[in-house]
Amino acid sequence: MLARELRRRYLVPTILRVPSVTERFGVTTWQVETDRGRREFSVADHDDSVRHLGGGRISVQDVDGNRFDIPDYHRLDRRTREILHKLV
């Protein structure tokens, strides 16, 4: 019950696929597919906003403070892994 309530209050979409990431003036715009649908968000500072948490897990925080989770990037499709490898 506690886990369910925390998920409801602290929604952290899981990234399932990253079709594209574009960069302009040091800000990257991510087009992603999550467990909650398609999203687009911007990341300004990769050193602070994209974190490896171990075991293939990656946490991404956008410029608005929203967080996204990748539980294990090794399990994602090849194209997504290639994109992430360039960014992180």
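Predicted model: local features only at pLDDT ≥ 70, side-chain atom pairs only at ≥ 80, totals over all residues.
**Entry on Arg17.** I found that Arg17 forms a salt bridge with Glu33, with 2.6 Å between the closest N and O atoms. Arg17 belongs to strand S1 and Glu33 to strand S2, so this pair ties together parts that are 16 residues apart in sequence. I noted a network of salt bridges that links Arg17, Glu33 and Arg38. The relative accessible area of Arg17 is 34%, so I recorded Arg17 as partly exposed.

**Entry on Arg57.** I then looked up Arg57, which forms a salt bridge with Asp69; their closest N and O atoms are 2.8 Å apart. This pair links distant parts of the chain, Arg57 in strand S5 and Asp69 in strand S6, twelve residues apart. Is Asp69 buried or exposed? Asp69 is buried, because its relative accessible area is 10% and buried means under 20%. Arg57, at 38%, is partly exposed.

**Entry on helix H3.** I found a salt bridge between Glu82 and Arg78, with the closest N and O atoms 3.3 Å apart. Both residues lie in helix H3 (residues 78-87), four residues apart, which is about one turn of the helix. Arg78 counts as exposed at 59% relative accessibility, whereas Glu82 counts as partly exposed at 36%.

**Entry on strands S2 and S3.** I noted that strands S2 and S3 run antiparallel and are joined by seven bridges. They form a hairpin with two residues between them. Phe41 in S3 is the bridge partner of Trp30.

**Entry on Ser20.** Ser20 lies in strand S1. Among the residues that Ser20 touches are Trp30 and Ile83.

Methods: Residues numbered from 1 in each chain as written. Heavy atoms only, no water. Contact = heavy atoms within 4.5 Å. Pairing = 2+ DSSP bridges. Salt bridge = Lys/Arg side-chain N within 4 Å of Asp/Glu carboxyl O. Buried < 20%, exposed > 50% of the residue type's maximum accessible area, 1.4 Å probe, protein only. Lists of a residue's contacts leave out its neighbours within four places in sequence.
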